[in-house]
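I opened this entry to look up how two parts of one protein chain meet. The notes follow in the order of the look-ups.

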Amino acid sequence: MRYAQILGTGSYLPARRMSNEDISKIVDTSDEWIAERTGIRARHLAAAGEQTSDLAVQAARAALADAKVHAEDIDLIIVATATPDMTFPATACLVQNKLGIAGCAAFDVQAVCAGFMYALVTANAYIQSGMAKKALVIGAEIFSRLLDWNDRRTCVLFGDGAGAVVLGAADKPGILHAKLKADGAYSHILNTPGKVANGEVDASPFLYMDGQAVYKFAVKALSKVGADVLLEAGMTAADVDWVIPHQANQRIIESTAKHLGIGMDKVILTVAEHGNTSAASIPLALDVGIKDGRIRRGDTLLLEGIGGGFAWGAVLLQY
Ligand code: ACO
């Protein structure tokens with residue numbers, strides 16, 4: 001049996017940090033309101049000239065160094081992003097060029113905050129089928145540019161960042177089991193409708209969210225997909241060493257963990273420092289948990305993500 005194993009991880013947050021106090025000078029909000037409702041204390045914002053591919057390359061270089069893998073040995077690059085540098089080419093191609101490794105397959109996946117789950121599962125399929133030996137899987141976003149900075153209901157929630165993993169083919173696990181789900185009937189509760197058409201942006205270029213509807217959907221969907229993945233893998237919550245959830249909102253994370261029967265002492269929580277970084281949030285949290293020594297080789301990890309679409313999924317793996 002051929003598995004995809006995590007060989008290394010890396011992450012990157014832009015230098016500019018905006019605390020809740022800072023944001024309360026822009027819109028009518030407070031540290032107390034944001035922290036109590038979401039657990040967020042700060043977010044990082046990309047500099048004016050910084051692009052999603054720049055953030056992705058920083059995370060990718062760190063992951064390659066951690067894995068002790070040369071960029072030239074990568075034969076697949078997948079970037080999960082809803083905020084690409086441009087409509088096309090794919091951000092993955094721009095990342096490939098910045099890494100100086102022409103030739104390998106490179107493409108983006110777009111599943112918003114579930115993007116890293118979709119990218120990881122796709123790379124796993126490439127490796128299991130023998131189509132790739134070493135893959136770079138990156139989640140990178142500049143969500144700050146989709147936000148209406150006059151809308152306190154949304155602008156306080158998101159941030160910019162990137163996270164990456166290097167996956168390699170191995171005869172031991174690796175990724176054990178995964179499940180991806182989507183339901184386009186819920187596209188109206190979380191979206192950015194604007195698109196480039198006839199030389200202008202057609203429809204609103206800002207993120208729209210029905211917060212309460214998203215909250216309810218997210219808890220239900222994440223609890224079910226997490227439980228399903230464990231059941232199908234013949235495992236229980238007790239077998240999980242660490243949950244690495246999408247970092248959107250601490251209350252969603254706590255509620256999902258409760259439904260799964262997993263204590264918060266087994267959950268990697270980083271939302272306080274970077275807010276919701278969409279596709280970047282899971283690999284960011286994974287890298288933090290590994291680098292600070294909590295996640296160790298051989299640990300069983302449950303990764304879970306959900307986002308606009310709606311799209312969601314979970315991956316069970318042995319680190
Ligand atoms: N600061 C102060 N007050 C605010 C703010 C703010 N930033 N935002 C909204 N309010 C006010 C509202 O205007 C409202 O005031 P009113 O009663 O006078 O009209 C009041 O707070 C309550 O507003 P609600 O929208 O009902 O607040 P709620 O308790 O639902 O919290 C929140 C909003 C935090 C967005 C919540 O719905 C939530 O967590 N939803 C999940 C959304 C989420 O996590 N999305 C992430 C993106 S999706 C994803 O990644 C899956």
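Domain bounds here come from an automatic or database domain assignment. That assignment gives domain 1 as 3-172 and domain 2 as 176-318. I note that residues are numbered from 1 along each chain as its sequence is written. The model is predicted, so local features need pLDDT of at least 70, side-chain atom pairs count only at pLDDT 80 or more, and totals for chains, interfaces and linings use all residues, while side-chain values use heavy atoms, with hydrogens and water left out.

Entry: spacing and contact. I find the C-alpha centres of domain 1 and domain 2 to be 14 Å apart. Taking contact as heavy atoms within 4.5 Å, I get 49 residues of domain 1 against 45 residues of domain 2.

Entry: buried area. I use the accessible area (1.4 Å probe) that two parts lose on being put together, summed over both. For domain 1 and domain 2 this is about 3600 Å², and carbon and sulfur atoms give 65% of it. Cys 113, Met 117 and Tyr 118 supply 18% of what domain 1 buries against domain 2, more than any other three residues.

Entry: charged pairs. The rule for a salt bridge asks for a side-chain nitrogen of Lys or Arg within 4 Å of a carboxyl oxygen of Asp or Glu. Across the interface of the two domains I find two. I also looked up Lys 291 and Asp 66, whose side chains form a salt bridge at 4.0 Å, N to O.
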